[in-house]
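Thanks for coming. I will walk through one structure, strand by strand, and then look at a few residues. Please have the sequence and the model open.

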Amino acid sequence: QVQLVETGGGLVQVGGSLRVSCAGSGSSFSAYDMGWFRQVPGKVREFVAAVCWSGSDTYYDDSVKGRFTISRDSAKNTVSMQMNSLTPEDTAVYYCAARRLWDFNKDHGRHTQYTYWGQGTRVPAAS
């Protein structure tokens, strides 16, 4: 069992930066691949970024590539995402998710494939 808690959301100006983090607890958290997703009301949860258990492989949605950076600190059991140059389109609730023992390279972008989810943290980007 893995528990995930997101922090770091909050109001930010368009063009500004924000860092969201996901603290994990439970058995073998460091062995889990991690993903960040976001969702706005009425829309499907969409992939943002993912990092494998070792931190060696990362993936980004095209909409955030070059602006967002995902990283993990295994010693602290945290996964963070630095978000720069925020736009109104980045406004959403951001969720972290975890899964292991699967084809990360193939399925990292599919929210239905993740096993554990946090409760989400809201990021409203205001002009």
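In strand β10, the bridge partner of A98 is Y116. Strands here are DSSP runs of E with at least two residues, helices are runs of H or I with at least four residues, and both are numbered from the N terminus. Two strands count as paired if DSSP finds at least two bridges between them.

Before going on, a word on where this comes from. This is a predicted model, in which local features need pLDDT of at least 70 and side-chain atom pairs count only at pLDDT 80 or more, while totals for chains, interfaces and linings use all residues. Residues are numbered from 1 along each chain as its sequence is written, and side-chain values use heavy atoms, with hydrogens and water left out.

Back to the pairing. Strand β10 covers residues 116-117, and two bridges tie it to β9 in the antiparallel sense. Strand β11, residues 121-123, also pairs antiparallel with β9, over three bridges. In that pairing, Y94 stands opposite T121. Strand β4, residues 33-39, runs antiparallel to β9 and is joined to it by seven bridges. There, R38 has Y94 as its bridge partner. In general, strands of a sheet pair through backbone hydrogen bonds, either parallel or antiparallel.

Is β9 mostly covered or mostly open? Strand β9, residues 92-99, is mostly covered, with six of its eight residues buried. Buried means under 20% relative accessible area, exposed means over 50%, and partly exposed is in between, using a 1.4 Å probe and protein chains only.

**R38**

R38 is in strand β4. Its relative accessible area is 5%, so R38 counts as buried. Which side chains make polar contacts with the side chain of R38? One is S63, at 3.4 Å. Another is Y94, at 3.0 Å. A polar contact is a pair of N or O atoms within 3.5 Å; within protein, one must be able to donate a hydrogen and the other to accept it, and residues adjacent in sequence count only if both atoms are side-chain atoms.

Leaving aside neighbours within four places in sequence, R38 is in contact with a list of residues that includes V44, E46, F68, E89 and D90. Contact means heavy atoms within 4.5 Å.

**Cysteines**

How many disulfides are there? The count is one disulfide, where a disulfide is a pair of cysteine sulfur atoms within 2.5 Å. C22 and C96 form it, with an S to S distance of 2.0 Å. This pair links distant parts of the chain: C22 sits in strand β3, residues 18-26, and C96 in strand β9, 74 residues apart. The torsion about the S-S bond of C22 and C96 is about 55°, so the disulfide is right-handed. Both ends are covered: C22 is buried at 0% relative accessible area, and C96 is buried at 1%.

**The four-stranded sheet**

Strand β3 belongs to an open sheet of four strands, in the order β1-β3-β8-β7, with antiparallel pairing. The edge strands, each pairing on one side only, are β1 (2-7) and β7 (68-73). Strand β3 and strand β8, residues 78-83, are joined antiparallel by six bridges. Within that pair, V20 stands opposite M81.

**The cores**

A nonpolar core is a set of buried Ala, Val, Leu, Ile, Met, Phe, Trp, Tyr and Cys residues joined through side-chain atoms within 4.5 Å. The largest one has 27 residues, and L4, M34, W36, M81, M83 and Y94 touch the most other members. Elements giving two or more residues to this core are β1, β3, β4, β5 (46-51), β7, β8 and β9. Strand β9 gives the most, with four residues. A second, separate core of eight residues includes F37, A97, F104 and Y114.

T112 lies in the loop between α1 (104-107) and β10. Is T112 buried or exposed? At 56% relative accessibility, T112 is exposed. T112 and R99 are 13 residues apart along the chain, and their C-alpha atoms are separated by 11 Å.
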